[in-house]
Amino acid sequence: MRSNSRGGEWTRMPGILIVDDEEDMQRLVRAVISEANEGLKVVGEATTGEEAVERWRELRPDIILLDQRMPGMTGIEAAEQILAEAPDQRIILFSSFLDDETNRRAKQVGVLACIDKTDVGSVPEAVWKYTGR
Amino acid sequence: VEVHRPVTPARDWASSALAVLLVLVGISAFAFSRRTGHTNRLRLAKATATASAQTILAVVRGDRAQLNVAAVLLGGRVDVNDAAARIALRPISTTNRAQTTGLAVATPDGKVTMRPLSGPLGNTAPFDLDAQPNWKVALALSRDDGQARTVADRGPGNRLLVMNEVPLYGSTDGPDSVETRRTMLVGYVVSLEMPDALTSSSLSGSAAFVGAELLQNNTVLSVSDGATGRSADSASVVVAVADPSLNWSVATWPRSTRSLLPFEYLAAGLLLGVIAAVVADTGRRARRAAAAAAEARSLELSFVGRIGPLLQRSLDVGEVLPFFAVELDDELGLDAITISRVGPTGGFVRIFSHGPAVRVPRFPAELDVRPEWVKPGGTISLALQRGGRTIGALTARTRSGLEPSQVHALQAVTDLLSAALGNARLFQQEQEMVERLRQLDHMKTTFLGSVSHELRTMVTAIKGFAGLLSMRGVTLSEPDRLDYLERIDRNAASLGLLVDDLLDFARLDRHTFTVTPQPVNLSELVPAVVEQTSSILPEHRLTMTMAPDVVAVADPSAVERILVNLLSNAAKYTPPNTTVDVTVDRLATKATITVTDDGPGIPASERERIFDRFYRVDNHAARTTRGVGIGLALVLELVKLLEGTITVSDGPKGGTRFTVELPLAVELMPT
């Protein structure tokens with residue numbers, strides 16, 4: 001996973017875990033990231049919060065793109081559980097309905113950023129920003 | 001607040017004393033009147049005796065004076081046939097009708113013949129004096145001493161007669177020796193007095209109160225009318241007539257004839273006493289009754305005063321009733337209490353029991369009229385009423401019976417209980433309403449969240465893939481481009497379906513959704529709709545079984561909405577790669593559209609509610625799929641508009657089967 005350059009530095013490609021219950025959304029995010037072609041790599045996908053936790057433990061991705069509204073555990077709940085185990089884990093909340101309360105809760109548990117799903121084009125930029133490479 | 005005066009025993013005591021006093025007064029008056037009457041009559045008897053003695057004396061003296069006059073007038077010459085003698089004697093006879101005058105004629109052989117001349121014995125034949133020894137002795141003594149005498153004896157007809165006699169000699173100069181007198185005697189002038197007449201006229205004036213006797217020594221000469229002799233216990237008054245020649249006396253005594261006066265006093269006294277006693281007793285009873293009523297009322301008020309706040313302590317009836325029952329037990333001795341409510345079928349349903357079971361009326365109509373009192377061990381049932389309607393009953397068994405005031409108190413607390421139960425029911429209804437509204441509010445919030453999430457997800461997908469196609473269309477591979485287009489198409493279809501549902505839903509809500517029933521060939525319409533909708537079931541196998549020419553009376557667009565929603569429902573809640581079957585058939589007079597899937601099925605307990613608005617089955621499939629909870633509610637409304645029915649049952653392979661029945665068009669019904 002050491003290939004593309006950014007800003008003249010050689011870096012390891014940031015691995016992304018996409019968590020969304022909508023297959024369309026997963027496909028869209030993957031396509032957007034693929035089309036951005038900026039050295040990002042989708043390392044895994046999950047459709048529920050519980051599955052996300054499992055996949056995170058297994059894959060240890062650089063960053064998690066986490067849907068908020070899912071059956072069962074919500075995105076923030078999954079983030080809370082993951083951050084309890086690994087406080088440094090980078091997580092971006094990716095939701096179609098972001099209100100003040102959701103933003104506040106996300107910040108509170110340690111989520112780095114919240115991105116509206118309609119702004120899916122900004123995902124690659126945000127991933128780069130928060131992986132710090 | 002009721003203020004009642006305490007009744008002092010002093011008032012009762014006073015009235016009793018008054019009654020006793022009046023009775024004593026009556027008895028005293030009686031005794032006094034008896035004593036006074038006796039004394040008065042004794043005084044009267046004394047006066048009567050004195051007066052009678054004087055009268056008799058006056059009569060006798062008067063007669064004696066006349067006799068003397070007669071003797072003077074005769075002048076010593078007496079002839080019984082002499083007219084002058086008769087004339088002389090007449091005044092004597094007229095002075096007192098009790099007397100008979102006559103001559104006693106002595107013959108030389110010493111025989112004396114009595115010749116009554118006037119008066120009551122005037123017509124009597126001459127009678128022999130030998131039959132009257134007292135007279136004979138007196139006449140002989142008078143002949144010898146020349147003195148007048150009075151003596152009583154039984155005369156003719158055994159009548160008591162008192163004889164006054166004066167001897168008559170043949171010369172005016174009285175003979176001076178016994179021998180001369182014996183030879184010169186020619187006869188006697190006599191008057192015969194009848195004491196009967198004398199006493200009856202002089203003694204009878206006070207006969208009602210006084211008895212009287214005229215006595216000569218111990219011989220009763222006469223008795224006053226109606227006096228049947230002296231009574232042994234009566235004091236008598238004896239007065240002598242006071243004439244030396246008469247040994248007469250008058251005895252009088254108070255008669256025991258009872259006067260009406262004491263009776264009146266006695267009766268009045270007793271009557272007053274009885275009246276006073278009755279008045280006193282009536283007053284006492286009334287005061288006692290009033291005191292008892294006031295005390296009962298006071299107890300009732302304090303009891304009701306305790307029960308009222310107890311029942312208001314909580315709107316949860318179950319929390320309050322045990323305390324209520326214990327209070328009733330303590331206060332009224334009710335060892336078994338059952339409280340019932342009128343249930344949905346109109347009969348009583350027990351909601352609370354304290355102590356052993358008692359028999360409760362089954363229906364409000366079986367409740368008796370409230371009794372005045374209840375015997376020990378008896379049972380009483382009182383209606384719990386609210387707004388004039390019986391809402392329940394309180395049935396209780398009493399250990400030691402219930403007085404009327406206790407029945408009254410029980411009724412009062414029963415009324416309080418009615419109010420408390422009514423309030424509790426209202427509170428419960430209000431709570432249920434609040435809960436329903438809360439649920440509705442929650443469902444609406446969830447619904448809005450679901451709708452916005454659904455809309456944004458679809459819009460995001462469409463916008464995202466469309467953006468990819470427009471930005472990177474040149475560099476995309478063919479499979480990717482087709483994939484994106486297909487995703488755009490499917491999301492657009494779902495978006496259209498959701499928007500249609502929302503619009504239909506709003507119209508149904510406003511009752512502005514109209515259908516135009518017409519013959520619809522389901523065998524043609526249904527496959528067409530399935531074909532158009534297939535894009536929402538890309539991962540399912542779709543099968544169809546169409547009976548030919550099934551024509552229903554329906555509205556084509558409504559049928560389409562129903563079918564699309566049922567297919568969408570199957571797409572959401574069944575896993576990929578399962579089969580969804582659509583069948584059109586006829587069943588008796590109905591046309592049927594059946595949508596059957598191989599999914600996880602719907603639990604029986606949920607089937608009632610799946611047609612509710614905003615309701616979503618709480619299972620994994622529901623949690624993992626999209627949906628806003630109005631699809632099946634919309635289907636039900638539409639089926640109703642078409643006068644059809646929809647049922648849900650298990651599919652043959654464990655999935656779900658929805659069956660819509662619509663009326664068959666008449667001309668095509670099988671004959």
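Predicted model: local features only at pLDDT ≥ 70, side-chain atom pairs only at ≥ 80, totals over all residues.
Q: What share of chain A is buried?
A: Of its 133 residues, 53% count as buried.

Q: What about contacts in chain A between residues 24 or more positions apart?
A: They make up 63% of the contacts with a separation of 6 or more.

Q: Now helices 2 and 3 of chain A. At what angle do they pack?
A: Helix 2 (residues 49-59) and helix 3 (residues 75-85) of chain A pack at about 25°, and their axes are 9 Å apart. Angles under 35 degrees count as roughly parallel, so helix 2 and helix 3 of chain A are roughly parallel to each other.

Q: Is that crossing left-handed or right-handed?
A: The crossing of helix 2 and helix 3 of chain A is right-handed.

Q: Which residues make the contact?
A: From helix 2 of chain A, A:Gly49, A:Val53, A:Trp56 and A:Arg57; from helix 3 of chain A, A:Ala78, A:Gln81, A:Ile82 and A:Glu85. By class, this contact of helix 2 with helix 3 of chain A has four nonpolar, two polar and two charged residues.

Q: Switching to helix 1 of chain A and helix 8 of chain B: how far apart are the axes?
A: The axes are 10 Å apart, at an angle of about 30°, for helix 1 (residues 23-36) of chain A and helix 8 (residues 404-472) of chain B. Helix 1 of chain A and helix 8 of chain B are therefore roughly parallel to each other. Their crossing is left-handed.

Q: Which residues meet there?
A: On helix 1 of chain A they include A:Leu28, A:Ala31 and A:Val32, and on helix 8 of chain B they include B:Ala461, B:Gly464 and B:Phe465. The residues of this contact of helix 1 of chain A with helix 8 of chain B divide into seven nonpolar, three polar and four charged.

Q: Back to chain A, helix 5. What is buried there?
A: In helix 5 (residues 123-131) of chain A, A:Val123, A:Pro124, A:Ala126, A:Val127, A:Trp128 and A:Thr131 are buried. Just after helix 5 of chain A, A:Gly132 has a positive phi of about 70°.

Q: Last one, B:Thr659: buried or exposed?
A: B:Thr659 is buried, because its relative accessible area is 14% and buried means under 20%. B:Thr659 lies in strand 21 (residues 656-663) of chain B.

Q: What is B:Thr659 in contact with, leaving aside neighbours within four places in sequence?
A: B:Thr592, B:Ile593, B:Thr594, B:Thr645, B:Ile646 and B:Thr647.

Notes
Residues numbered from 1 in each chain as written. Chains lettered and ligands numbered in written order. Heavy atoms only, no water. Buried < 20%, exposed > 50% of the residue type's maximum accessible area, 1.4 Å probe, protein only. Contact = heavy atoms within 4.5 Å. Axes fitted to C-alpha atoms, helices over the stretch in contact; angles between N-to-C directions. Helix = DSSP H or I, 4+ residues; strand = E, 2+ residues; numbered from the N terminus. Parallel < 35°, antiparallel > 145°, perpendicular 65-115°, else oblique. Left-handed = near helix turned anticlockwise from the far one by under 90°. Nonpolar A, V, L, I, M, F, W, Y, C, P; charged D, E, K, R; others polar.
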